[in-house]
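Here is a colleague's note to read alongside the model. Please keep the 3D view open and follow the points in order.

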Amino acid sequence: MTNLFRTTLIAAAAATALTAGAAFAQPAGKIKVGLMLPATGTFAALGVAIENGFKLYVAEQGGKLGGREVEYVKVDDESDPAKATDNVNKLIKRDNVDVLVGTVHSGVAMAMAKAAKDSGTLLIVPNAGAAAVTGAMCAPNIFRSSFSNWQPGYAMGDVVAKKGLKNVVTITWKYAAGDESVSGFKEAFEKAGGKVTKELSLPFPNVEFQALLTEIAAAKPDAVYTFFSGAGAVKFVKDYAAAGLKGKIPLYGAFVTDGTLEAQGADAEGIFSTLHYADNLSNPRDKAFRLAYAKTYKLQPDVFAVQGFDAAQILGVGLAAVKGDVSKKAEFAAAVEKAKIDSPRGAFTLSKSHNPVQDIYLRKVVGLENQVVGIASKNLADPSKGCKM
Amino acid sequence: MDFATFLIQCLNSMQYGLLLFLVASGLTLIFGIMGVINLAHGSFYMIGAYMAYALAPVVASTFGGGFFSVLFVGVVLAVLLGYVLEWAFYSFLYQREHLQQVLMTYGLILVFEELRSLLVGDDVHSVPAPPWLAGSIALGDTMSYPEYRLFISGVCLVLALGMYGVFAKTRLGMMIRAGASNREMVQSLGIDVGFLYRVVFAAGMAIAVLAGMVAAPVSSVYPGMGNTVLIICFVVVVIGGIGSVRGALLAALLIGVVDTFGKVLLPQAAGVLVYVLMALILLWKPSGLFKIA
């Protein structure tokens, strides 16, 4: 036991020495980017898309950001919050990364945000929409290139109210992302005079929807608002149609048709959803991005690839301003806050709490694409409750 | 909740309960009779679902297709695979302690998941229901009930009756029950316990694969699907009494009711209700509702 304790102490001392050494190293060396993304499990495909997007931007800059060559260190986070703290510490303490990039799962991202806040390492979150990342946990060295769960929900609340629909039932998983999305929807919808008559939920990641669909059929609302993702979204949309509700009670959602259209097939046709990206934006930046992505990876890009791409852009902007010296945290943050990120989704800026201020699109499923119908909410900023910065 | 809705919810609970039974019955066989904690049982279910997705085109081009021929081919493959797995891995586990069983079967989960990732990829896929079952029956003016779900319930009932018949009425069933209560005694009576176990294991695996194949059109197929099913299956087995098929059926139906009505009436507690039920039943009957031997 004492032996183990001593070994740990020595290891810790060595790690501290290494970190100190790295701080004095020439900024001209390689910059180490720690990619902590899911490579296995339910979100594996999303992890791959984010990594592809990130590497595409770096490759377009000739493999260098801020004058320094980029080197990657990868950890599979398995979307497992229980292992998150260990995994992120591996990157920070063992590999001495300069920048952390990750991840998809909100629970894991929270552990990363905590570690980044404690150690001062730069963190760019390329997906997880948990409010706290740029809310209560916000910090000068934490940035997000994606969205907050509140944003698409709030935008949809407006859209549904403007259609003249009065009473709505919501259904989602009982966990942070679902709750935040529904509360965003409810806030906007009730402000505009609508009423959420019932909030249905089931435990994550349970997919037995039949009982709740029966409740919806019995309540006969004007519309249903939903938030599900991945396999849950596929099953929900198919079950909704199989229960005979499609066509009778319109379904509105956030995220419910992203990366899942092939599996949902005809059952998803006509569903409206809100998000910060769509399949046919047709701005020149997006066209170039989609072409380059398809050429490099022989795959069609999705919203996750865009978020990875923009994470690299944010890093690029910051590093250019400090000439590759990551220890200048304040200058890095100031440059990013001032910058306009030229994203395939349309240009956006970062709020004071470092969450994108962006247009949220209203999309409709046509064929196998989420096609833009219009802008649901222009330059929408997350309220970032609890951020003191 | 009005009366019509109540009836539909009862139908929902029964349907969910029967599906749970279908998956869990294979687990209770293997766990109860052979004494092996088989964490890979969820993977067998996952293999079944992916077979329904991947085999359908192959079977269609070789035998001309048909829902039942896909099921048949899948079950035959599952029996073969179960037989080989038992011979290669599980037969070494009977005399070992539970920790070693857990380690090996957990390892198998990782192997199966990785193989799945290599062979089929990580995307979510849907499996179409056979066209003659794709319709639905109207219940009330907004709700309708998919025929395929009723078909699943039918399959589960037939299988439950079949298993009961084999256990209660046949010589094989007698040997299996005897083997579960005292394997040394059965061995000394001259029955080849090794072979008996191999048959039971192959049957347990085949049932799990069949469950996966039958459930695929309603559950869709996705990475990690086996793990979510595994936990609830263990709850079924523990509530029902380890090794008891009758207990598994009753426990599965009970969980169906608690889960369905829990979600509707007590949504805040829906996540824990099933486990509360398990705790209460174990307080009342520490070895489950029905215990063999």
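1. The largest nonpolar core has 213 residues, and those with the most contacts inside it are Leu100(A), Met112(A), Ala49(B) and Val236(B). Such a core is a set of buried Ala, Val, Leu, Ile, Met, Phe, Trp, Tyr and Cys residues joined through C-beta atoms within 7 Å. Buried means that 20 or more other C-beta atoms lie within 10 Å of a residue's own; exposed means 12 or fewer, partly exposed is in between, and C-beta atoms are placed from the backbone. Helix H8 (residues 193-219) of chain B gives the largest share of this core, 18 residues.

2. A word on the model, which is predicted: local features need pLDDT of at least 70, side-chain atom pairs count only at pLDDT 80 or more, and totals for chains, interfaces and linings use all residues. Residues are numbered from 1 along each chain as its sequence is written, while chains are lettered from A and ligands numbered from 1 in the order in which they are written.

3. Which residues does Leu100(A) touch? Not counting residues up to four places away in sequence, Leu100(A) touches Gly34(A), Met36(A), Val88(A), Leu91(A), Met112(A), Ala116(A), Thr121(A), Leu122(A) and Leu123(A). Contact here means C-beta atoms, placed from the backbone, within 7 Å.

4. Val88(A) and Leu91(A) belong to helix H3(A), where Ala84(A), Asn87(A) and Ile92(A) are buried along with them. The face turned away from the buried side of H3(A) carries the exposed residues Ala82(A) and Asp86(A). Helices (H or I, at least four residues) and strands (E, at least two) are DSSP runs, numbered from the N terminus.

5. Now look at where the chains meet: the contact takes 29 residues from chain B and 33 residues from chain A. On the chain B side, H1(B) gives the most, with five residues. The residues of that side divide into ten nonpolar, 15 polar and four charged. In this count Ala, Val, Leu, Ile, Met, Phe, Trp, Tyr, Cys and Pro are nonpolar, Asp, Glu, Lys and Arg charged, and the others, Gly among them, polar.

6. Chain A is divided into domain 1 (2-147 + 282-354) and domain 2 (150-275), with bounds from an automatic or database domain assignment. Their C-alpha centres lie 31 Å apart. Ten residues of domain 1 of chain A are in contact with eleven residues of domain 2 of chain A.

7. Thr134(A) lies in the loop between strand E5 (122-125) and strand E6 (142-144) of chain A. Is Thr134(A) buried or exposed? Thr134(A) is buried, because 29 other C-beta atoms lie within 10 Å. Thr134(A) and Ser353(A) are 219 residues apart in sequence and 5.5 Å apart in space, C-alpha to C-alpha.

8. Lastly, some backbone details to check. Most residues other than glycine have a negative phi, and most peptide bonds are trans. The peptide bond from Gly102(A) to Thr103(A) is cis, with omega near 0 degrees. Phi of Lys298(A) is positive, near 55 degrees, and Lys298(A) is exposed, with 7 other C-beta atoms within 10 Å.

Definitions and conventions. Contact = placed C-beta atoms within 7 Å.
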